[in-house]
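Subject: Structure handover

Hi,

Here is the structure I promised to pass on.

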Amino acid sequence: MATGKSTVVALFKKAGYPIVDGDIIAREIVAKGQPALAAIVETFGPEIVLTTGELDRKKLGQLIFASPQKRELLNETLKPFLRK
């Protein structure tokens with residue numbers, strides 16, 4: 001935080017360089033109906049999904065920030081989808 005990433009990205013965009021935003025990609029791969037969301041459900045159980053079929057980010061956040069082991073499990077679960 002507060003390291004100037006947004007400023008640098010804005011400069012790159014202005015110069016015409018393509019930008020790959022990992023935060024956007026991470027959200028896209030766990031969207032409703034995506035294989036990465038299915039993998040999260042397989043790993044953490046169906047209670048990690050809202051009634052709308054979307055990831056319950058608040059519940060997942062509570063789970064992974066309370067347990068380094070679960071955070072690592074999430075990272076390992078998502079790694080192949082992020083690399084793709």
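Let me start with V41, which lies in helix 3 (helices, H or I of at least four residues, and strands, E of at least two, are DSSP runs numbered from the N terminus). This is a predicted model, so local features need pLDDT of at least 70 and side-chain atom pairs count only at pLDDT 80 or more, while totals for chains, interfaces and linings use all residues. Residues are numbered from 1 along each chain as its sequence is written, and side-chain values use heavy atoms, with hydrogens and water left out.

Back to V41: its relative accessible area is 24%, so it is partly exposed (buried means under 20% relative accessible area, exposed over 50%, and partly exposed in between, with a 1.4 Å probe and protein chains only). Setting aside neighbours within four places in sequence, V41 is in contact with P46, I48 and V49 (contact means heavy atoms within 4.5 Å). L55 is 14 residues from V41 along the chain, and their C-alpha atoms are separated by 8.8 Å.

E42 is in helix 3 too, but with a relative accessible area of 73% it is exposed. Between E42 and K32, 10 residues apart in sequence, the C-alpha to C-alpha distance is 14 Å.

Now the overall picture. The chain has five helices and zero strands, so from the N terminus on you read α-α-α-α-α. Its radius of gyration is 15 Å, whereas a compact globule of 84 residues would be near 12 Å (the radius is taken over C-alpha atoms, and the globule rule is 2.2 Å times the number of residues to the power 0.38). Along the principal axes, the C-alpha atoms fill a box of roughly 45 × 25 × 25 Å.

Of the 84 residues, 21% are buried. The chain exposes about 6500 Å², with 60% of that supplied by carbon and sulfur atoms (areas come from the Shrake-Rupley method with a 1.4 Å probe, and for residues only the protein chains shown count as cover). As for contacts between residues at least 6 apart in sequence, 37% join residues at least 24 apart.

What sits in the middle of all this? The largest nonpolar core has 12 residues: I29, V30, A36, L37, I40, F44, I48, L55, L60, I64, L74 and L78 (a nonpolar core is a set of buried Ala, Val, Leu, Ile, Met, Phe, Trp, Tyr and Cys residues joined through side-chain atoms within 4.5 Å). Helix 3 (35-44), helix 4 (57-66) and helix 5 each give two or more residues to this core, and helix 3 gives the most, with four. As a general point, nonpolar side chains in soluble globular proteins tend to be buried together.

L60 touches F44, I48, L55 and L74, not counting residues up to four places away in sequence. V30 is in the loop between helix 2 (22-29) and helix 3, and it counts as buried at 5% relative accessibility. With the same exclusion of residues up to four places away, V30 touches A36, L37, I40, L55, R57 and L78. T51 is 21 residues from V30 along the chain, with 15 Å between the two C-alpha atoms.

Helix 1 (residues 5-14) is another story: it is hardly covered, and the count of buried residues among its 10 residues is zero. After helix 1 comes G16, whose phi is positive, near 95 degrees.

There is one aromatic pair (rings of Phe, Tyr and Trp, the last by its six-membered ring, pair if their centres lie within 6.5 Å; planes under 30 degrees apart are stacked, over 60 edge-to-face and the rest tilted). The rings of F12 and Y17 have centres 5.8 Å apart and planes at 65 degrees, so the pair is edge-to-face. F12 is partly exposed at 42% relative accessibility, while Y17 is exposed, with a relative accessible area of 53%.

Finally, the count of salt bridges is one (a side-chain nitrogen of Lys or Arg within 4 Å of a carboxyl oxygen of Asp or Glu). The side chains of E76 and K79 make it, at 3.0 Å from N to O. Both lie in helix 5 (residues 68-83), three residues apart, about one turn of the helix. An α-helix has 3.6 residues a turn, so residues three or four places apart point the same way. E76 is partly exposed, with a relative accessible area of 39%, and K79 is partly exposed at 31%.

Cheers
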